[in-house]
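Work through the exercises below with the model open beside you. Try each task before you read its solution.

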Amino acid sequence: MLALPWLFEFWALPHQVAPLGEDWRTWVCLGGRGAGKTRAGAEWVRSEVEGATATCEGRSKRVALVGETIDQAREVMVFGESGILACCPPDRRPEWQAGRKRLVWPNGATAQIFSAHDPESLRGPQFDAAWVDELAKWKRAEEAWDQLQFGLRLRDAPRQIVTTTPRNVAVLKDLMKQETTVVTSAPTKANRAYLAASFLEDIHRKFAGTRLGRQELEGELVEDAEGAMWTSSMLEAGRIDEFPEFDRIVVAVDPPVTATSNSDLCGIVVVGACLQGPPQSWQAYVIEDCSIKGTPNKWADAVIEAWQRHNADRIVAEVNQGGDLIETLLRQKAVLVPYRAVRASRSKSSRAEPVAALYEQGRVHHGRDLGPLEDQMCQMTTRGFIGKGSPDRVDALVWALTDLMIDPAMQWIAPRVRVL
């Protein structure tokens, strides 16, 4: 019974348990803030260096502990509440040698700390295991990571654990794609038994339903494509919690090409706008993404319901694929629905560029719970959409903002242009 507090396998959450098998080299443990990543890293180091008794050798003898800075590595990975010293039982607790920046276990195993700010410090030493903390935060991530891999050359199959909150950085994305990498992930709430209720309440109130929240709370890797028209930081900069009174609201529809239950998604996006003053002062607000997959009858119902739910002024629908049948279908649901048909004559990326410019000017704002739409936006580049499938949600967004902001602005400006 006295040993039970130190048997981490008994207490561990599923995402804190090391992968089974022998064919992996790197374990990437992703998690939201407070999800228990540090404890997973510390306990994995314990499992590597400890033997059957306090003086028996473990699988690893020389471990690298790499943090963003020396101070962070020492205070979090070594002395933190979930760090190595806190996790080790008294008879196996290592000695901290401050002058050499290392831990020494009773069985002779050592763990030395390094700073990712100084990649050259990793040139020369060699290891048979490593714990890397918050890789996605490192400013010199690729250089430090490469130097660590050169030193990870002892034992037949040296291994490493990476504990990090995910961010859209190349070194992490490349690592997760490797065949020898195993990835586990968990949201902040998975560790709620060890977190203050007030902390969980506050951070969920502030970040839930946002792209940043998916990264920092859910532990998801939220990617932006290289050269994307929209980025996560751009979208978060325009995030709002309350909508103003709107002058106009439209429901925009991008119907699928085929009319079966196996068709692509039907993009349905609701956008409102405040249109007082000159066009440069107009502001738009993305209210809801109610895109749906299903038969024409099913998505037509969803469109009419969105129009009614938001008391919208108009439904705007692209008719390249469906022509007059789309209007006919919608009017079967609501005879007097205000409707405008639009036809695409340019590529998706060309139509999206003026809309992206509105975001760059800070004139479009997003509510919460728009994750799938925002994911598509961050995969749209000037070369086209590089995500999976068709950007139906983005197409609907573009038609909505074109109807609300771009076309009326052109009409407002045109009469005021004096021809000389």
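**Exercise 1: Salt bridges across the chain**

Arg248 forms a salt bridge with Asp403, and their closest N and O atoms are 3.5 Å apart. A salt bridge is a side-chain nitrogen of Lys or Arg within 4 Å of a carboxyl oxygen of Asp or Glu. This is a predicted model, where local features need pLDDT of at least 70, side-chain atom pairs count only at pLDDT 80 or more, and totals for chains, interfaces and linings use all residues. Residues are numbered from 1 along each chain as its sequence is written, and side-chain values use heavy atoms, with hydrogens and water left out.

Task: find where the partners Arg248 and Asp403 sit, then examine the pair Arg239 and Glu374.

Solution. 
- Step 1. Arg248 is in strand β9 and Asp403 in helix α14, 155 residues apart, so the pair links distant parts of the chain. Helices (H or I, at least four residues) and strands (E, at least two) are DSSP runs, numbered from the N terminus.
- Step 2. Asp403 has a relative accessible area of 3%, so it is buried. Buried means under 20% relative accessible area, exposed over 50%, and partly exposed in between (1.4 Å probe, protein chains only).
- Step 3. Arg239 forms a salt bridge with Glu374, with the closest N and O atoms 2.8 Å apart.
- Step 4. Arg239 lies in the loop between α9 (232-237) and β9, and Glu374 in helix α13, 135 residues apart. Arg239 and Glu374 are both buried.

**Exercise 2: A charge without a salt bridge**

Task: which side chain of opposite charge is nearest to Glu134?

Solution. 
- Step 1. Locate Glu134 in the loop between β6 (129-133) and α5 (141-151).
- Step 2. Glu134 is buried yet has no salt bridge; the nearest side chain of opposite charge is Lys37, 4.3 Å away. Lys and Arg count as positive and Asp and Glu as negative; His and the chain ends are not counted.
- Step 3. The side chains of Glu134 and Thr164 are joined by a polar contact of 3.3 Å. A polar contact is a pair of N or O atoms within 3.5 Å; within protein, one must be able to donate a hydrogen and the other to accept it, and residues adjacent in sequence count only if both atoms are side-chain atoms.

**Exercise 3: The largest nonpolar core**

Task: which element gives the most residues to the largest nonpolar core?

Solution. 
- Step 1. This core has 38 residues, and Leu397 is one of those that touch the most other members. A nonpolar core is a set of buried Ala, Val, Leu, Ile, Met, Phe, Trp, Tyr and Cys residues joined through side-chain atoms within 4.5 Å.
- Step 2. Elements giving two or more residues include β10 (267-274), β11 (283-289) and α12 (348-360).
- Step 3. α14 gives the most, with 11 residues.
- Step 4. Not counting residues up to four places away in sequence, Leu397 touches Val269, Val271, Val286, Tyr359, Leu373 and Met377. Contact means heavy atoms within 4.5 Å.
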